[in-house]
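Here is a short briefing for a first look at this structure. Topics are grouped so that each can be checked against the view.

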Amino acid sequence: MSAGAPVAERSVDRTVLAGVPRDVTGFHPVGRLPMHGIRREPEVSLDGIWEFQLLPSPDAVLGTDWDTTTVPGLWTMTELSDPPHYTNVPMPFDEVPPALPERNPTGVYRRTMQLRPEPGRRLILHVGAAESVLRVLLNGEVVGVSSDAHLAAEFDVTEQVRPGDNELILVVQKYSAESYLEDQDQWWHGGISRSVFLYSVPEVRLADVAALADYDPESERGTLRVRVSTAGLAHLPSVDWTVEVQGVGRAETAPVTGRLATQTLPKPRRDRSNRPEPRLPDDMMDLLSLRAAGAEIPARLAPVAAAFAQTVAHGLPAGWAEVTLDDLDVPPWTAETPHLEGVVVRLRNGAGTVVDEARMRVGFRRVEIRGRDLLVNGRRPLFQGVNRHDSDPRTGRVMSRERMLAELSLLKRMNVNAIRTSHYPNDPVFLGLCDELGFYVIDEADIEGHAFATQMADDPEYLPSFLRRYSRMVLRDRNHPSVVLWSLGNETGYGAAHDAMAAWSRRVDPSRPVHYEGAVSEDWHGGHAATDVVCPMYPSFPSLEAYSADERADRPLILCEYAYSQGNSTGGLDHYWKLFETLPGLQGGFLWEFLDHGLDPDGDGRYRYGGDFGDQPNDGPVLLNGVAFPDLTPKPALLEARGIFSPFRITSGAQEALAGGLTIRNRQTYADLAGYELELRAETTAGPEGAVVLPTPDVAPGADAVLELPRSIRDMAARDSSLALTLTVRTRADAAWAPAGTEIAVHQIVLPTTAPSLPSAGTQRATLGEDGELRHPLLAGPPRLALWRALTENDASFALDNRFVRSGFFSLEPTEVAVGEEDGGTVVTTRYATAFGDEVTHRRRILAVGDSDWVLTEDVALPPGTRDGLRVGMRFELPPGFDEVEWVGLGPWENYPDRRASALLGRWTSTVDDLAVPYVVPQENGTRGGVTELVLAGAAGVVRARSADPLHLNVSRYAPHELEQADHWWELPPSERTIVHLDVAHRGVGTGRLGPDTRPDHRLDGDRYRWVWRLTLQPNR
């Protein structure tokens, strides 16, 4: 068989859509084949160029002119008449379920195929995913209808196909009544997002294969149970067909069951001419209830008990077979040790000929819940997870295998071990990669009715849709070892539909627990009918502590969403993990989320968000909440997670290191540390020194070991100039997700240091302007008090209730300046009025300790009662000509007081431009903490700053108000300015847009701040 190219010129029946079933609700699939877990390979790929028309509604008349488009592809990424549309909770139209909007874009795809049908085989059309209702016509005949935007639809097209040219038309309607179940905090798209192909199967074939690969951690043996259903045999009372299962060096065969004869009771005899012989014992009918009650069977009934049981037993259905391979010597599958075994399932006819076969890779593992622990192979892994959407900035939700592998490789390098497929099933190719690379997956049904969450779960009209969407996912994905939890969906309230799905799931696949946040959203101790785990969103730290200590807590708590990462965010991640690693019942969670969903359809690097395509209504930038940018560049938040999720942890301190030892812990659950190499170096005020490779110790999972430090490292650690010892962890061998030598974590022990001393006496009189400020050619703006940062999206959260704007600190106007002398220095006292008239007093003592060299003692008094702020520090500006930055402090990446657990102390270098973090929505960015020394250099000269106490450093091309005025990073104009902030106090970033605010110990709750620093200016002559 082969597929031909589209025909550009051809007469077309303009009423072609009239032949399609007119039910536009999407509630009723027509002609769609049952879902199965068999991966059938394409025989005719239909990916590529198709003819295309975009109509305003499914009722519109088909035109005579055809454009072309690419399949898979989304018309919303290419057609200006229907661009992407973003909403979070609201629907993109003002209707209520199940009503549809009048404007309902509908894409019509057409192409011809050269086909040669084979006698005795059925031809199946596979459409990987279509958003949201799909209608199929072949050679003018209606084939079927399907909905569910994120699962495949298959149709038997054997009766419609003919030798030679065949015309296939796919009609995709963007909105349906089931769109209310796809309201998933993402872009609304239209089109075909996964591959389309044809494959053929024999008339009698494998219909589905369910492989349960169990692992017993006590005996360390595996069991493979394979249940097979067939097509074309269930009607036969006698079947001589068999199913063979081959795997793990074994092969077993089982017969396919035949159709059981319908059981009937014998009719009473009318013939009384002869005395009838007794055939049945007295009270035979008691067998039904006695067997069910587990009671002892009387001796008189024993002879017929077995035969009678066959009439009521619930055995395999007709046309099925079950094969078990037990006592298998096989390594277990885990995310750390993702061992897979190939399995072949063959269907043989009575002559022994293989008629059909299925191939798969299985992983042997057991998932179970014991009390408050979710166990995999008898051990308790921590879920270091992320939430993930299908998202590519150039193609929308169309994902190539290469893109999926790149995503998973990045996550593996960041030590992420779990993924929640928010909020729909991902491509089977993705799950296959998760099996291979090693990830725990929460597979989530394509169900989110956020806008109408209070009504849909108990609406009987929607009940079949709930069950279809969930059950089809389970049937498709149950052979994947990476799937360890089934999720009933997301944010659709809680009702009868959820209880029904969970009950079905526990019956069909008892090997996996069920997950649903809505069942516990109002009561973490309730919802048992619909969820086996407590899986809340964005909880506070005290609530987690309370659950752990509560005697009622009876299930593991795994956060389905936490650490909301909108913009410059994800503060407090280390505190979450202190709780997860120390408190009973808490078992990790899934960051919200992996990627920003910014779109770049033009490929110009300008990421767009809600409203940028003229989409109304919209929720703006709320979809920019990933720990990585759309192009997979990690944000600093993801680097913070990498360190926290590391397979290693240093558990000793500086004193042990100075004595020659370093204690490390293997944080893994199953694997030793043999797969990693260790390098140790010293960080000094002059830079890194003395790197040495250490032998990797043999450390069991969860155990500690002491590394003996080489004499060279011990000597360097004892120097006054040493800041820290740095342990770098790299992979030892090549892997599919990274080459050998890939850095996966860096850890430090901070050494005791002596604060640098600053001169305490001046050598000359400071030269000041009339306003009492320092003047110098290298100062385009002298050091001035700064209390404001460009608001992060968390700072502007509704929950903070304009707290920072109310402070008025965004504007400081001097109202009074007094200059005097004191102890050999110049004292300048400046009183400021905030935007709302409150007074701020800044007292500065200036010691001139050399030419253009000053020691500045700062004393800032904020308005009484100030309870929170953003920053307290100095801001100065340099003229063009500064490009290089060097500092001693935390780095190399951006860090904040509540997001610095993985930051490293050392001497770092960067360019001014590279210090910036280009969050799509401009906001505060690029700060580094713990800074005691700063050097700025360029053609204009050298500027140095030193401090006895660690400061927060920010060097930027833009002032805070310029960042706040821009809606996109790419709108900021090029700049050669250098604006420097040195803060004695800087607020953490928190997750307050959705979740806990910055913890109190990282807020600015004082009203008096004092510090000393030195500024030295050296212009190039």
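Tryptophan 788 counts as buried, because its relative accessibility is 10%; buried means under 20% relative accessible area, exposed over 50%, partly exposed in between (1.4 Å probe, protein chains only). Phenylalanine 810 is partly exposed, at 41%. The ring centres of tryptophan 788 and phenylalanine 810 are 5.5 Å apart and their planes stand at 75°, so the pair is edge-to-face.

This is a predicted model: local features need pLDDT of at least 70, side-chain atom pairs count only at pLDDT 80 or more, and totals for chains, interfaces and linings use all residues. Residues are numbered from 1 along each chain as its sequence is written, and side-chain values use heavy atoms, with hydrogens and water left out.

**Aromatic rings**

- Rings of Phe, Tyr and Trp (its six-membered ring) pair if their centres lie within 6.5 Å; planes under 30 degrees apart count as stacked, over 60 as edge-to-face and the rest as tilted.
- The whole structure holds 29 aromatic pairs.
- One of them joins phenylalanine 93 and tyrosine 180, edge-to-face, at 5.7 Å centre to centre and 90° between the planes.
- These two partners sit in loops 87 residues apart.
- Phenylalanine 93 is buried at 11% relative accessibility, and tyrosine 180 is buried at 1%.
- Phe541, Tyr562, Tyr576, Trp577, Phe580 and Phe645 make up one aromatic cluster.

**Charges over rings**

- A charge sits over a ring if NZ of Lys or CZ of Arg is within 6 Å of the ring centre and within 35 degrees of the ring normal.
- Arginine 110 lies over the face of tryptophan 66, 4.0 Å from the ring centre.
- Arginine 608 lies over the face of tryptophan 970, at 5.8 Å.

- A nonpolar core is a set of buried Ala, Val, Leu, Ile, Met, Phe, Trp, Tyr and Cys residues joined through side-chain atoms within 4.5 Å.
- The largest one has 162 residues, and Tyr562 and Trp1013 have the most contacts inside it.
- Apart from that core lies another of 35 residues, among them Tyr86 and Val921.
- Beyond its neighbours within four places in sequence, tyrosine 562 is in contact (heavy atoms within 4.5 Å) with residues including Leu573, Tyr576, Trp577 and Phe580.
- Helix 9 spans residues 573-580, and six of its eight residues are buried.
- Helices (H or I, at least four residues) and strands (E, at least two) are DSSP runs, numbered from the N terminus.
- The cover over the buried residues of helix 9 includes helix 8 (541-549), strand 32 (557-562) and helix 10 (636-644).

**Salt bridges**

- A salt bridge is a side-chain nitrogen of Lys or Arg within 4 Å of a carboxyl oxygen of Asp or Glu.
- The whole structure has 84 salt bridges.
- Aspartate 983 bridges to arginine 871, with the closest N and O atoms 2.9 Å apart.
- Aspartate 983 lies in strand 51 and arginine 871 in strand 46, so the pair ties together parts 112 residues apart in sequence.
- Both ends are buried, aspartate 983 at 1% and arginine 871 at 2%.
- Asp148, Glu178, Glu182, Asp446, Arg468, Arg469 and Arg472 are linked in a network of salt bridges.
- Aspartate 443 is buried yet has no salt bridge; arginine 476, the nearest side chain of opposite charge, is 5.0 Å away. Here Lys and Arg count as positive and Asp and Glu as negative; His and the chain ends are not counted.
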